[in-house]
Structure formats: structure tokens, C-alpha cells
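Hi there,

Here is the structure I promised to pass on. Please have a look, and my notes follow below.

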Amino acid sequence: MEEKVKLLETEALKELVKIEDLKTLADFKVKYIGKQGQFTALLRGMKEIPAEDRPKFGAIINSVRERLENIIEETEEKLNLKELERKLTEEKIDITEPAKNTERGQIHPLNKVMNKLMEACVEMGFTVVDGPEIETDYYNFEALNIPKDHPARDMQDSFYITQNLIMRSQTSAMQIRAMEAMKPPIKIVSPGRTYRADSDATHSPVFHQLEGLVVDENISMIDLKALLTKLLKMLFGENTQIRFRPSFFPFTEPSVEVDATCPMCGGKGCPRCKGSGFMELLGAGMVNPKVLENCGIDSKKYSGLAFGFGVDRFAITEYKVPSIRMMFENDIKFLSQIK
Ligand code: PHE
């Protein structure tokens, strides 16, 4: 019996030194010391030897088993370490290697222009306020001195949701909301999307405006001229020429349209500015006293100026883009060219 144990031990040890991976080691464990293993079988075979010899043999088998277990444990540790080292070298990530095909997002050109405009206005002391894109007929037209069935409504082909609700055709609706909510002095700008049933190279059914409103005592046309001249020079540079042309809006009196030197040709005249050397950028004027009164502001005491920036026009001019619609097509190839 003792012979048998010794033989088995030598055999096992021989096998064990050759083991180089965890899977073989696991099989080895099953083969020798598992439930059906050979050493376990030896223990079971004890009933065949005389009772007085049993403790002696039991001790021998157990000590061999214990030794084997220790060696197995050591080998297991060694193999685990080896496996970890293998993983660390094989699965090493080179963080200095440039990544393939990374696409970086960027701010949309329209938002860039809008931010630039707003920053300039904030620098001049304006507060930015936000308004709804779905407006009532009252805020979009009626309170702005554009009564129902009045021909002035033809200036803006609107999208109606119901008879009383429309997609706002101008951010001027926010003038009314601001004047209802605040007391003079008021100095706000309101940016956002606007909608009209219009579509060609320079018109898109959805476009963007930035509305400005100042209401206080003694506001005059001189303030309007000075403010817009300063703002446009901040945006386009000191050498920009600014031109005020008489115009008409029902909610301002008098009204003007404001042009700046065409940034495409620098004023020489090009197809974009139709040879005039100027680019139309804003509608503006002195707030019609009727509009002030509609909002409960005493038009004898207070006066106001207002302006509406065409943000998309500004953007396609700034980035020399041939069609306004390209701004809305979300073509990454086009957008990624605009830095
Ligand atoms: N709301 C006018 C438009 O959309 C622009 C404007 C704004 C004119 C403010 C005067 C004052 O055409």
C-alpha cells in the first residue's frame, strides 16, 4: 500500500511540473484529488487493510495529498501571474496612437452667428429674453398694429395652425410680451426661429431673427441710428459703411431698413448685393405710439426704438454661402467646411 502511494505521488509530481496552463492544472486536480480522484480512491480503499494499520496509512495518504495541494496552489499562483502578464503585454492599449475616423462636432454656423450677435448686444447692456414660436394672432399681428384683414398682413405669408394660432412670422411678437411684462426702462433682445411660407435662394420657410427693443423717456431716432451704427461696426469692423433707408412697418413710425457694406465684395458690387455694394440686414424704427398704448405704456411720456436682425442673411453673408437653404439641410460635408 505504501508503495502504491509513493508511486502515485511520483507520477503526479512528474505530471505537475509539466503543467503550463490553468486548464491542464484544473484537469490535474480532478484526476488526483477530486471526488473521483486517485488519492481519494486510495482513501476509500482503506477498508481492505487491517483496522490497526488504517491510521498509519491514512496519515501517509493525507500528508501526500496535502503536499500535492500545496504544490498545486503554488503552481496556480504562478500560472495566474503568467496569464496576467500575458494579458498586460498582449492587450496593451497605445493611448498615443491617433484614433481613426473621429468626427468632431461643432457649433452650427447659424448658432455661431446668433451667439456673436447676442454677445455684442449684451455688451451694450441688453437683456436676452426668450419667447414662444407658436403665437396668437394678437401678439404676432394685432397688437403690432396689423389688424385682421389689413393689407399689411400680406407682407408676411404666415403658417396658420388655427385661425387664432400661427407659427410666429417675426420675433416682433416679443416686443409686446416684453412691454406687457416689464416697466420702462426696457432694453431687451429676443432671438429665435421665425416662419413664413417663402422658399428660394435667400428665403427659407424657417429662419431666424434677433429682435431688439428699447423703451424709455426721450428715446429718439438719433439713439436708433447711433446704436445700430455702433452694433454693426462692432460686428463688421470700424470701416463698415452703414446706410439707413426709409421703409414701412406697421409697428414702427418712422421705419427704416439698415444696410451695411457687402462683406462679399467689400462694397465694390457683386451678384450677392446685386451690384449695390450694400447688404440689407435689419428692419428698424421708432416704436409706433399705438403699439406702446396697446401695452399700457404712456406714449406721451415714453418712446421706443426697435430693430429686427435677419440672422440667416447675416450668416450666409459672413460665411459666403450661396443659398440660405444649405443652412437647414444638415449636410455634414457642407457644415464641416465652415470653421
Ligand atoms: N419684424 C420685422 C420683419 O420681420 C423687422 C422689424 C423689427 C422692423 C423691429 C422694425 C422693428 O420684417
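How do the residues of the shell around the ligand divide into nonpolar, polar and charged? They come out as five nonpolar, eight polar and two charged. Here Ala, Val, Leu, Ile, Met, Phe, Trp, Tyr, Cys and Pro count as nonpolar, Asp, Glu, Lys and Arg as charged, and the others, Gly among them, as polar.

Before the details, a word on the source. This is a predicted model, in which local features need pLDDT of at least 70 and side-chain atom pairs count only at pLDDT 80 or more, while totals for chains, interfaces and linings use all residues. Residues are numbered from 1 along each chain as its sequence is written, and side-chain values use heavy atoms, with hydrogens and water left out.

**The ligand site**

There are 15 residues around the ligand, and Gln 170, Ser 172, Arg 196, Gln 209 and Glu 211 come nearest (a residue is near if one of its heavy atoms lies within 4 Å). Some of these make polar contacts, meaning pairs of N or O atoms within 3.5 Å. The side chain of Gln 170 has an N or O atom 2.8 Å from a nitrogen atom of the ligand. For Arg 196, a polar side-chain atom lies 2.8 Å from a ligand oxygen atom, and a side-chain N or O atom of Gln 209 is 2.8 Å from an oxygen atom of the ligand. The ligand taken alone exposes 320 Å², of which the protein buries 92% (Shrake-Rupley areas with a 1.4 Å probe).

Strands S6 (206-216), S9 (278-287) and S10 (303-310) each supply at least two residues of the shell around the ligand, and S10 gives the most, with three. Strands (E, at least two residues) and helices (H or I, at least four) are DSSP runs, numbered from the N terminus.

**Domains**

The domain assignment of the protein chain gives domain 1 (2-90) and domain 2 (109-335); such bounds come from an automatic or database assignment. Taken over C-alpha atoms, the centres of domain 1 and domain 2 are 88 Å apart.

**Backbone points to check**

Most residues other than glycine have a negative phi, and most peptide bonds are trans. The bond from Pro 184 to Pro 185 is cis, with omega near 0 degrees, and Pro 185 is found in the loop between helix H7 (173-181) and strand S5 (186-195). The bond from Glu 253 to Pro 254 is also cis, with omega near 0 degrees; Pro 254 is in strand S8 (residues 252-261). Asp 149 has a positive phi, near 65 degrees, in the loop between helix H6 (137-140) and strand S3 (159-160).

Best wishes

Conventions:
A polar contact is a pair of N or O atoms within 3.5 Å; within protein, one must be able to donate a hydrogen and the other to accept it, and residues adjacent in sequence count only if both atoms are side-chain atoms.
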